[in-house]
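I opened this entry to keep track of what I looked up, item by item. The structure goes in first, and the notes follow.

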Amino acid sequence: MNATANTVPNFASDQEVRWCPGCGDFAILAQMKKVLPTLGVKPENTVVVSGIGCSSRFPYYLETYGMHGIHGRAPAIATGLKRTRPDLQVWVVTGDGDALSIGCTHLLHALRRNVDIKILLFNNRIYGLTKGQFSPTSLPGLVTSSTPMGTAHEPLHPLSIALASNATFVARSVDTNAKHLGEVLRRAAAHRGSAFVEIYQNCHIFNDGAFDFAKNPAIRDDHIVAIAHGEPLVFGKNRDKGIRLDVAGPEVVTLGGEYNEPDLLVHDEKADTNTIAQMIAGMRHPLMPEAIGVLRDVDRPTHNDLMRDKTPDPKSRETAVNRLLHGGETWTVA
Amino acid sequence: MTYVVTENCIKCKHTDCVSVCPVDCFYEGENMLVINPEECIDCGVCEPECPVEAIKPDSEPDIETWLALNTELAGIWPVITEQKEPPTDAAAWKDAENKLTLLSREPAKV
Ligand code: SF4
Ligand code: SF4
Ligand code: SF4
């Protein structure tokens, strides 16, 4: 070891990065390379687990431990790892197909168990790696190679699913919104328990512009609302619009006339129930501005906390396994 | 890693690159553009857009001077986010060599 080496660890690996030119994944990788060295966790104590898809190439590009797992199963692999090596910081990188088609139930159960892992879901609303078929988050009508007449069905909404699974940390950001994404990633890392982050990621090749409303500097301020704990939901290029909670749900109001800032919904990411967070997650383009930021950040015992006292010592586990294996018939077939 | 703008851009300034960069990290001088290496996410989409092949990855040999120049000038020039018309004499300068001496360090007039 070189004793004079830079003390800030470098998380960039020597692998050639293989995504299409212009892919939003580059922006997320750039942020992760900036954020990881600031977390105080050494590269050798950091693990990135992925499934299958363009996003799942992530582990190769970071100089940490990593595992390119099987399709949709990254949360299961990460759960086992965190259970046996609680000292490691474990990240899961997945996409809309990997996490919400193939591995949807793994995702739900990791979140409900509050496994202390950080799950980043790159949502590009398309299957990129397999060359552009519709995904479970594709919007109705999207013409893809597997839906020449346009997709027929309603999409899944990652934030709503995470909240319904009682995830203790739920957030959203945008690939190229560097400052915002960096801050959300830092918050996710700091959270004790499952952290779920949906990242709007542009697939430059097969679904270009899917998040134009949230990315294009000319229009985005009127279509996204950056939420912050304790702050009213104000948005708009001139910060002249806000979200008010009406009996029928959240509604957009213009400030300065009938309504002003004190009338607006004030964001509470620590709320006991996730009812309001679900309403915020339910605000969808083009009817409503979409929220970016941390929707929910609450404390609950983690999976390891809950399991700690229940871990059988290796000896009694052996006995239990033996009993199971040599237990004879459970029932008799007549 | 980052991409950098090199000599060929001087007095050409086609700005095709600007329209494709997803993070708006091009900065504009009077007769050249540069990339801010701190902001560039290495996506590589601008490289083939440049009609005069001025954009190169910083893994190319002998790129250090240009990397330093991009870093320095990005700090003092204004950001450019939309494509504009190239200078009328751009074509004439396309294949000229040793254009570095012609570089203006002045920021673009906006
Ligand atoms: S197919 Fe889409 S998501 Fe995959 S690397 Fe290419 S641009 Fe990125
Ligand atoms: S396209 Fe090439 S020549 Fe034109 S401004 Fe960009 S780098 Fe310069
Ligand atoms: S490589 Fe990508 S991020 Fe960097 S300057 Fe080119 S287009 Fe912009």
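I take helices (H or I, at least four residues) and strands (E, at least two) as DSSP runs, numbered from the N terminus. The model is predicted, so I note that local features need pLDDT of at least 70, side-chain atom pairs count only at pLDDT 80 or more, and totals for chains, interfaces and linings use all residues. Residues are numbered from 1 along each chain as its sequence is written, chains are lettered from A and ligands numbered from 1 in the order in which they are written, and side-chain values use heavy atoms, with hydrogens and water left out.

Entry 1, backbone of chain A. I looked up A:P286 and found it in the loop between α8 (275–281) and β11 (290–297) of chain A. The peptide bond leading from A:H285 into A:P286 is cis, its omega being near 0°. I also checked A:R125, which is not a glycine but has a positive phi, near 60°. A:R125 sits in the loop that runs between β4 (118–123) and α5 (158–164) of chain A. For reference, most residues other than glycine have a negative phi, and most peptide bonds are trans.

I counted 10 helices and 11 strands in chain A. The radius of gyration (taken over C-alpha atoms; the globule rule is 2.2 Å times the number of residues to the power 0.38) came next. Chain A has 22 Å, close to the 20 Å that the globule rule gives for 334 residues, so chain A is as compact as a globular protein of that length. Along the principal axes, the C-alpha atoms of chain A fill a box of roughly 75 × 55 × 50 Å.

For chain B I found three helices and four strands, in the order β-α-β-β-β-α-α along the sequence. Its radius of gyration is 12 Å, close to the 13 Å of the globule rule for 110 residues, so chain B is as compact as a globular protein of that length. The C-alpha trace of chain B spans about 30 × 30 × 25 Å along its principal axes.

I list nine residues of chain B in contact (heavy atoms within 4.5 Å) with 11 residues of chain A. Buried area is the accessible area (1.4 Å probe) that two parts lose on being put together, summed over both. Between chain B and chain A it is about 700 Å², and carbon and sulfur atoms give 63% of that. On the chain B side, B:I41, B:C43 and B:V45 lose the most area to chain A, together 53% of what that side buries.

Over all chains, my search of the whole structure gave 18 salt bridges. One of them pairs A:E183 with A:R186, with the closest N and O atoms 3.7 Å apart. Both residues, A:E183 and A:R186, lie in helix α6 (residues 178–190) of chain A, three residues apart, about one turn of the helix.

Technical notes:
A salt bridge is a side-chain nitrogen of Lys or Arg within 4 Å of a carboxyl oxygen of Asp or Glu.
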